[in-house]
Amino acid sequence: KQNQIEEKKAYKAVSIAIPKINKVLDITDGTFDGKRWVVSQSGVSYYTNSSLPKQGGNSVLYGHNKTAILGGLAVMKPGDKIELTLNNGDVVAYEVFETKTIKPTDVDILNQTTEPRLTIYTCSGFLDSARFVVLARPQ
């Protein structure tokens, strides 16, 4: 059991690099308390109910649409690169394969997937009426 805990910690992402928008941001744990998302005020949050990188499935990151955080995310296009740095020093490279704008009620993006992928999203639209989503696959 201790080995599983240690292994899980080793796969935890601690920072994200998004060269297209010139961002390197810290990653902290984020949760949904049933009413509100707990969101980092200075970096990106990792949805703790989602998969960890390198363990398969859907790893979900989210953050505020502020200039210093994910404000430029909407310029991302398929083919763009993203890198996650893990606790153990490993770097996992991803390539964007889809971007889309969805309604806040479209929570399917949080669902587990059979293939490994990274889902990043932020608020968009008038008065945060939408969500901009970036989907990427490990390279």
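## Contacts, cores and loops in a predicted model

Biologist: Leaving aside its neighbours within four places in sequence, which residues is Thr101 in contact with?
Modeller: This is a predicted model. Thr101 is found in strand E6. Beyond its neighbours within four places in sequence, its contacts are Ser124, Ala130, Arg131 and Phe132.

Biologist: How many Å apart in space are Thr101 and Ala74, C-alpha to C-alpha?
Modeller: Along the sequence, Thr101 and Ala74 are 27 residues apart. In space, their C-alpha atoms are apart by 9.0 Å.

Biologist: What pattern does the protein follow, read along the sequence?
Modeller: There are 1 helix and 8 strands in the protein. Read along the sequence, they give the pattern α-β-β-β-β-β-β-β-β.

Biologist: Why is the protein said to be as compact as a globular protein of that length?
Modeller: The C-alpha trace spans about 45 × 35 × 30 Å along its principal axes. For 139 residues the globule rule gives 14 Å, and the protein counts as being as compact as a globular protein of that length because its radius of gyration is close to that, at 14 Å.

Biologist: What percentage of the 139 residues in the protein is buried?
Modeller: A residue is buried when its relative accessible area is under 20%. Among the 139 residues, the buried share is 40%.

Biologist: How much of the accessible surface belongs to carbon and sulfur atoms?
Modeller: The accessible surface of the protein comes to about 7,800 Å². The part that belongs to carbon and sulfur atoms is 50%.

Biologist: How far apart do the centres of the positive and negative side chains lie?
Modeller: The protein has 17 positive side chains and 14 negative ones. The centres of these two sets are apart by 4 Å.

Biologist: Which residues touch the most other members of the largest nonpolar core?
Modeller: The largest nonpolar core holds 25 residues. At least two residues of this core come from each of strands E1 (13-18), E2 (23-30), E3 (44-47), E5 (81-86), E6 (91-102), E7 (117-124) and E8 (130-138). The members that touch the most others are Ile16, Leu61, Leu73, Ile82 and Ile120.

Biologist: Which residues does Ile16 touch, not counting those up to four places away in sequence?
Modeller: Ile16 is among the core residues that touch the most other members. Residues up to four places away in sequence are left out of its list. What remains is Lys23, Val24, Leu25, Ile27, Val44, Leu61, Ile82, Glu83, Leu84 and Ile120.

Biologist: How many residues are in the second, separate core?
Modeller: Its members include Tyr47, Val60, Tyr62 and Leu110. The number of residues in this second core is 9.

Biologist: What relative accessibility does Arg117 have?
Modeller: Arg117 lies in strand E7. Leaving out neighbours within four places in sequence, its contacts include Tyr94, Phe97, Ile109 and Leu135. Arg117 counts as buried because its relative accessibility is 14%.

Biologist: Where does Thr67 lie, and does it count as buried or exposed?
Modeller: Thr67 lies in the loop between strand E4 (58-62) and E5. Thr67 and Lys81 are 14 residues apart in sequence, with C-alpha atoms 19 Å apart in space. The relative accessibility of Thr67 is 72%, so Thr67 counts as exposed.

Biologist: Leaving aside its neighbours within four places in sequence, which residues is Gly71 in contact with?
Modeller: Gly71 has its place in the loop between E4 and E5. Its relative accessible area is 35%, so Gly71 is partly exposed. Beyond neighbours within four places in sequence, Gly71 is in contact with His64, Asn65 and Lys66.

Biologist: What is the positive phi of Lys54, which is not a glycine?
Modeller: Lys54 is found in the loop between E3 and E4. Its relative accessible area is 47%, so Lys54 is partly exposed. Although Lys54 is not a glycine, its phi is positive, at about 75°.

Biologist: What value is phi of Asp128 near?
Modeller: Asp128 lies in the loop between E7 and E8. With a relative accessible area of 43%, Asp128 is partly exposed. Asp128 is a residue other than glycine with a positive phi, near 55°.

Note on methods:
Residues numbered from 1 in each chain as written. Predicted model: local features only at pLDDT ≥ 70, side-chain atom pairs only at ≥ 80, totals over all residues. Heavy atoms only, no water. Helix = DSSP H or I, 4+ residues; strand = E, 2+ residues; numbered from the N terminus. Rg over C-alpha atoms; globule rule 2.2 N^0.38 Å. Buried < 20%, exposed > 50% of the residue type's maximum accessible area, 1.4 Å probe, protein only. Areas by Shrake-Rupley, 256 points an atom, 1.4 Å probe, with all protein chains shown as cover. Lys, Arg positive; Asp, Glu negative; His and termini not counted. Charge placed at Lys NZ, Arg CZ, Asp CG, Glu CD. Core = buried A, V, L, I, M, F, W, Y, C linked by side-chain atoms within 4.5 Å. Contact = heavy atoms within 4.5 Å.
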